[in-house]
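I set aside some time to go through this model and jot down what I looked up. The entries below are in the order I made them.

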Amino acid sequence: MEIHPNNRQGWSFFLCLCMCGAICEPFRYSVPEEKKIGSLVANVLKDLKVDAKELSARRAQLVSEGTKEYFQLDPHSGNVILKDRIDREAFCGQKDPCILVSEIVLENPLQVHRIEVEIEDVNDNSPQFSKKEFLFEIPEHLPANTRFPLEKAKDADKGENAVQNYTLSPNNHFQLDVQNRSDGSKYVQLVLQKQLDHEEETRLFLIVSAVDGGIPRRTGTASIVIDVLDANDNFPQFSDSVYKLKLKENAPGETLVTRVEATDRDFGSYGDITYSFSQVPETVLKVFTLNKHTGELTVAGTIDYEEERSYEINIKATDGGGLSDYCKVIVEIEDSNDNAPEVTVTSLTSPLPEDSPPDTVVALFRVTDQDSGDNGRTACITEANLPFVLKATMNNYYQLVTLQTLDRERDSEYNITITATDWGSPRLTSTRIINVQISDVNDNAPVFEKSSYEMKLQENNIPGLLIGLVQAKDMDTGQNAKVTYSVLPGKVSDQPVSSYVSINAETGNLYAIRSLDYEQRRDFQVALRAVDSGSPPLSSQVIVQVVIVDENDNAPFILYPLQNGTSPSNDLVPRGAEAGYLVTKVVAVDRDSGQNSWLSFELLKATEPGLFSVGAQNGEVKTMRPINKQDTLKQKLIIGVRDNGHPPQSTSATLSILLVEGFSDPYMKMVDIPKQEVVAEEDHALTMYLVICLAAISFIFLVSMLVFVVIKIHKRKKFIGSSALNFPVGPNFPENSGYADAGSLSRAYNYEVCLAGGSLNSEFKFLRPFFPVFSVAPAQSQGAQRISSGSQEVPSHGAEGQVMNQTNHSALLENATKIEGTFEMWYRNLLFKAKVKKSIVRAHFLDQLNQPFRYRQVTVMIDTAFS
């Protein structure tokens, strides 16, 4: 038959449990009560089948089931030693045998062995009666052999050490009858041997003694006082001799348990019955009360199933004549779920290394519940989303093991809540918080705050000056997080980097070892390393870019003219030079950079102060006025050059200039016009002024153009008004006169005006007509009518719409020449004001014999060209 793997595992687990049950059978030992502390109880090495070394290695522990531990296990020898004195009577009471249960827990692998230690009784208690004196009221004439129960003596000891016999002092009327109960205890009755006579003796005094069987024997005595009463013929009688009932645990106070009732056939005082407890232990008196008149038994204390599961209560009913009857009430206590489970931690590993592998045992604990049945069954869980899990083992033991790898940097400790719940109704729950500290392992390298650093250092620094700070953080703790810094080997300009910088190994402060010069080296790189103190150590690196900041420590240097004094040079200037003539240019440089290298020039001293000037930005030496004959032949200029640093540094250059006659200079006639010069070094203020001037000129130009257009429109309206009677208007005027039989074709000419920017000369060109010109003979000549508009002349037409005579070509040229002169004068003036270098204006004039000259079209064309 084939066995499924799951079934095979189940059978293996069942056999393992059976073997564990056989191996872990309880070990039984005994020890007398009241033995001295430190006394040897037993040695468990032989029973555990281990030696002392293995016992210590497996972390053997002795765990007591109760809250108090009476025994202690020595893991090095295997001896179970008495930790505290044991009073058997206080611990077990009358329970026999009296056994203390403990467990030996072995780890790796987990084994639990049950130890049962029987506490042997010692005769250390004497019998005791509940009272020193007992009073009996016995009527006379009672028949012989009447029995009167006596309260038994209590002896806390058990067995032979308990009460074994009772004796009565010698007398003529009574003797003792000692009997055994079913539970082995003895009870005694006082038996009347001879009738009493009230007249002879009204009171008798007897002594009863209780003797135990211990060695040596112990005795307890009590007095019996017998009052002989007058005759009372009837005894009280209970309806039942035994009452059995059940009572719920934790019943509230004054709860009625039961009601006993006895009757007496006598009358008067002999018929009045009172109820009382008879020979009941202290536990009954603490829990129950009895109404002596009604016989009601009620709850007076706390009913706890775990302390006492049943009570036997003897109740006595006594009439007014002293006669009594007895009954027994047996109360069974029903358990209720009133005890929450308890979690007891046996072992705990804390702190726990963060690199502990999964399934590492962190804690071993046990869950117990004092209730019985389902009320005592428990289940145990822990929080979710934790790297721990519970594993149930045996005898309600649980192991708390790791579920996955831990990370101290994420969670340095865990407060694990263990929740135990029973199966009762309602279910009770208890919790236990286990704190597990996580110890650090060096698993994190130092990390710099930045991926790279850039630090600035002023040149000409003092050696040992602090450049900056680098810091690296390590997420570990303790020695694993202690970071030291160092400079990695490297070279700067073929020299070791350690000759340039050093670093404080503890703080990360970076220092400059030497003084640095910006003009020699502007920056360099340093590689730093941070190492922690863990084992093995972990490290990380970072690059620091050290940038040298320039200082104004270099004065300007004159490149031209040379100032070495070995070969002095003179600059020649013709005496015919005009203002703005470029004489020479002073060239200087500064080794510094940025603002420190910005140079400005000024004329410090001159032979003729008003003759020459120096460009503040470019160093150009120019004439400020035309040179005349009175100026000195040899001119000497001292020009200062200053940088823009703080504080500024300066130098000077000396120029020698000779004024000569007949000096030929191809550039002499050039006039330096400020509007054509584009200076790269103009500052913002100069640019602003130029923009304002250009805007003002543009505004003036636009206003002029607007005034011009308005005037032209106004003149055109006047021209049309004066010629309305002489020119045909409307549909009667032939539109295509070029195709008429008796008319002449229209002529179109293209005129181009070219203006040069330097000379301001104009050139008016006549080009060919756009269309060929044909000559036609006029049908009728009625004379030419002259129309004056500016300097133009146009041919006139008759009122009847006849075709106009062809105008002489010379007259057309004359009119065009006049128009050209007018526009040329206006355009020159306009270009001069606007400072335009070059423009092209093209105008198309339409010369038609049958239409007047159209000034409006010409005006629109000019406006379009300017826009």
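My notes start with the ground rules and then go from the whole chain to single residues.

**Ground rules.** This is a predicted model, so I kept in mind that local features need pLDDT of at least 70, side-chain atom pairs count only at pLDDT 80 or more, and totals for chains, interfaces and linings use all residues. Residues are numbered from 1 along each chain as its sequence is written, and side-chain values use heavy atoms, with hydrogens and water left out.

**Whole chain.** I looked up the secondary structure and got eight helices and 54 strands. Helices (H or I, at least four residues) and strands (E, at least two) are DSSP runs, numbered from the N terminus. Of the 867 residues, 37% count as buried. Here buried means under 20% relative accessible area, exposed means over 50%, and partly exposed is in between (1.4 Å probe, protein chains only). The accessible surface comes to about 50,300 Å², with 52% of that belonging to carbon and sulfur atoms. Those areas are from the Shrake-Rupley method with a 1.4 Å probe, and for residues only the protein chains shown count as cover. I also checked contacts (heavy atoms within 4.5 Å). Among those with a separation of 6 or more, 67% are between residues 24 or more positions apart.

I traced Y29 across to its bridge partner in strand 7, V117. R28 also belongs to a salt-bridge network with R114 and E116.

**Salt bridges.** I counted these next: the structure holds 20. The cut-off is a side-chain nitrogen of Lys or Arg within 4 Å of a carboxyl oxygen of Asp or Glu.

- D121 and R88 meet at 3.4 Å, N to O. This pair links distant parts of the chain, 33 residues apart, with D121 in the loop between strand 7 and strand 8 (133-139) and R88 in helix 4 (residues 88-92). D121 is partly exposed at 21% relative accessibility, whereas R88 is buried at 1%.
- R366 and E103 have their closest N and O atoms 3.2 Å apart. R366 is in strand 26 (residues 361-368) and E103 in strand 6 (residues 99-106), so the pair ties together parts 263 residues apart in sequence. R366 counts as buried at 13% relative accessibility, and E103 counts as buried at 2%.
- R625 and D631 come to 2.9 Å between their closest N and O atoms. R625 is partly exposed at 26%, while D631 is buried at 6%.

**Largest nonpolar core.** Which residues have the most contacts inside the largest nonpolar core? I found F288, I313 and V331, in a core of 27 residues. A core here is a set of buried Ala, Val, Leu, Ile, Met, Phe, Trp, Tyr and Cys residues joined through side-chain atoms within 4.5 Å. Elements that each supply at least two of its residues include helix 5 (282-287), strand 22 (310-318) and strand 23 (324-334). Leaving out residues up to four places away in sequence, V331 touches L245, L247, V257, F288, R309, S310, Y311 and I313.

**T258.** I then looked at T258, in strand 17 (residues 256-259). T258 is buried at 15% relative accessible area.

**Surface patch.** F557, L559, Y560, V587 and V589 form a nonpolar patch on the surface, with about 430 Å² of accessible area together. Patch residues have over 30% relative accessible area and no salt bridge; like charges are joined within 9 Å, nonpolar side chains (Val, Leu, Ile, Met, Phe, Trp, Tyr) within 5 Å. Strand 43 (557-560) gives the largest share, three residues. V587, in strand 46, is partly exposed at 34%.

**R591.** My last entry is R591, in the loop between strand 46 and strand 47 (599-606). R591 is exposed at 55% relative accessibility. Its C-alpha atom is 7.5 Å from that of P556, 35 residues apart along the chain. Not counting residues up to four places away in sequence, R591 touches E519 and N554.

Terms used:
Pairing = 2+ DSSP bridges.
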